[in-house]
Amino acid sequence: MSHSSHQIAKIIATPIAVPDPPLLNCAGIHAPYALRIILEVVTEGGILGVSEIPGNERSMEAIRSIQGLLVGKDVLQLSQILSIVRDEIEEPSDERGGAPHDARLAVHIFSAIEVACLDILGKMLEVGVVDLLGGRMRERVPFAAYLFYKRKGAGGTYGYETQPDISGWEYHRQAEGIETEDLVAQAISMVDTFGNKSIKLKGGPFVPEKEVADMHALYDHFGPDMPLRYDPNAAWSYDTGVQWGKKLEGVLQYLEDPVKGQENMANLRKEVNIPLATNMCTTSFSQIPNSVRVHSEDIILSDHHFWGGLRSSIELYRICKTFGRGFSMHSNSHLGISMAAMIHLGAALPEFDYDLDTHYPWQNEDVIVGGKIPIEDGCAEIPDGPGLGVEIDREQLKKLHQNYIDCGITERDDEFEMQKLDPSWRFVEERY
Ligand SMILES: [Mg+2]
């Protein structure tokens with residue numbers, strides 16, 4: 001059954017570049033701009049659905065290859081749309097693999113279309129996307145403070161220069177955050193500003209001696225009532241993982257991807273008495289059977305951009321619960337449309353295990369009307385209004401698209417950015 005007003009009339013993809021501070025990770029350093037793609041799906045009935053995914057030229061090409069094929073398809077027939085995307089966008093594997101960033105195309109593209117279609121369906125029914133995912137289990141969704149080692153600067157047109165007359169979180173968003181005291185100050189500022197009830201550090205740029213000592217410094221400052229997570233992005237060898245993991249027992253709520261691969265994670269779990277989380281070793285449904293067989297992690301961090309949308313994230317949640325795993329969400333640099341999607345998903349989870357990750361406070365710009373979605377008391381509220389409850393700010397979209405044209409960056413390459421600071425620097429998968 002199809003109804004003409006449900007049919008897709010047009011898909012518009014706009015690449016944008018968002019100022020992004022020089023945040024460090026094991027793959028290098030963030031470029032002055034993070035790339036996103038804003039997707040708009042318009043139905044024959046004139047209803048507009050929006051979504052947002054990580055951007056690069058490959059993703060734009062993949063969207064162009066399916067744009068025409070989806071015209072005339074019914075936004076309710078998401079499985080049909082998924083099979084078109086799968087048939088058209090060939091990938092060597094559905095696993096994430098050892099790349100520094102998740103570069104899978106089909107899951108990204110389908111998630112972009114699925115979220116926009118859910119936005120449309122919500123608008124048609126005059127309900128929130130959360131109501132299409134099982135309904136409202138909570139009105140406010142908790143997010144963790146997400147700390148980074150960072151160089152001085154705010155990204156984008158500010159370059160790496162810090163503005164002189166700023167204070168509070170804006171100061172720490174721009175200031176250097178590399179030494180232990182800088183990192184603790186960054187944490188205090190973030191928690192003071194956004195009221196987060198848990199804290200994550202993106203690790204990997206420095207030796208375990210320093211990063212583990214910094215986690216202890218955070219623990220010493222905030223005490224045992226502030227859950228701490230630490231993510232070296234599998235930059236550690238197995239032996240390093242055992243040695244330094246043990247030194248974090250009693251300090252962490254969970255340890256995220258200390259080592260690479262399900263077998264290494266499973267073995268480490270037996271040696272180190274801390275729950276392990278992943279967004280690297282179990283990254284697709286095809287990896288679930290072995291995850292269950294070897295018990296590679298305690299918590300799976302979904303990301304609707306990487307798992308193929310919001311409904312498949314709910315399916316993943318159900319699998320996690322079936323096999324006794326915790327569930328939470330991973331994040332990349334993103335704007336308010338993805339933030340809204342994450343809030344709707346978080347609000348629909350029957351049980352809420354761990355505060356979700358978000359990079360959102362690191363971005364100063366947004367693409368939605370009314371500016372950034374507030375995080376208060378550590379939580380973000382479900383946006384008002386049908387669908388995702390957010391609307392594109394056309395002036396901002398134009399400005400951020402112009403950034404994309406002007407900045408010349410066409411794909412994320414943190415190694416290349418790091419080599420601007422240190423020409424001898426190389427990304428290696430198992431650094432320590
Ligand atoms: Mg991670």
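Modeller: Axes are lines fitted to C-alpha atoms, for helices over the stretch in contact, and angles run from 0 to 180 degrees between N-to-C directions. This is a predicted model: local features need pLDDT of at least 70, side-chain atom pairs count only at pLDDT 80 or more, and totals for chains, interfaces and linings use all residues. Residues are numbered from 1 along each chain as its sequence is written.

Biologist: What makes α8 and α9 helices, and at what angle do their axes cross?

Modeller: Helices are DSSP runs of H or I, at least four residues, and strands are runs of E, at least two, numbered from the N terminus. Helix α8 spans residues 238-246 and helix α9 spans 262-271. Their axes come within 10 Å and cross at roughly 30°.

Biologist: Why is α8 called roughly parallel to α9?

Modeller: Angles under 35 degrees count as roughly parallel (over 145 roughly antiparallel, 65 to 115 roughly perpendicular, the rest oblique). The crossing is roughly 30°, so α8 is roughly parallel to α9.

Biologist: Which residues make the contact of α8 with α9?

Modeller: From α8, Tyr238, Gly241, Val242 and Gly245; from α9, Asn264, Asn267, Leu268 and Glu271. Contact requires C-beta atoms, placed from the backbone, within 7 Å.

Biologist: What makes this contact 3 nonpolar, 4 polar and 1 charged?

Modeller: Ala, Val, Leu, Ile, Met, Phe, Trp, Tyr, Cys and Pro count as nonpolar; Asp, Glu, Lys and Arg count as charged; the others, Gly among them, are polar. Sorted that way, the contact of α8 with α9 divides into 3 nonpolar, 4 polar and 1 charged.

Biologist: Why are β1 and β5 called edge strands?

Modeller: Strands pair if DSSP finds at least two bridges between them. The open sheet runs β1-β4-β5, with antiparallel pairing. β1 and β5 each pair on one side only.

Biologist: What makes β4 and β5 a pair?

Modeller: They share 7 bridges, in the antiparallel sense. The cut-off is at least two, so they pair. Among the bridges, Leu39 has Ser51 of β5 as its partner.

Biologist: Which strands does helix α1 lie across?

Modeller: α1 (57-70) lies across β1, β4 and β5, at about 165° to β1. Helix α12 (336-348) lies across β4 and β5, at about 100° to β5.

Biologist: Where do the domain bounds come from, and how many residues are in contact?

Modeller: They come from an automatic or database domain assignment. Domain 1 is 4-127 + 394-405, and domain 2 is 132-381. 40 residues of domain 1 are in contact with 48 of domain 2. On the domain 1 side, α3 gives the largest share, 9 residues. That side divides into 24 nonpolar, 7 polar and 9 charged.

How values were computed. Two residues are in contact if their C-beta atoms, placed from the backbone, lie within 7 Å.
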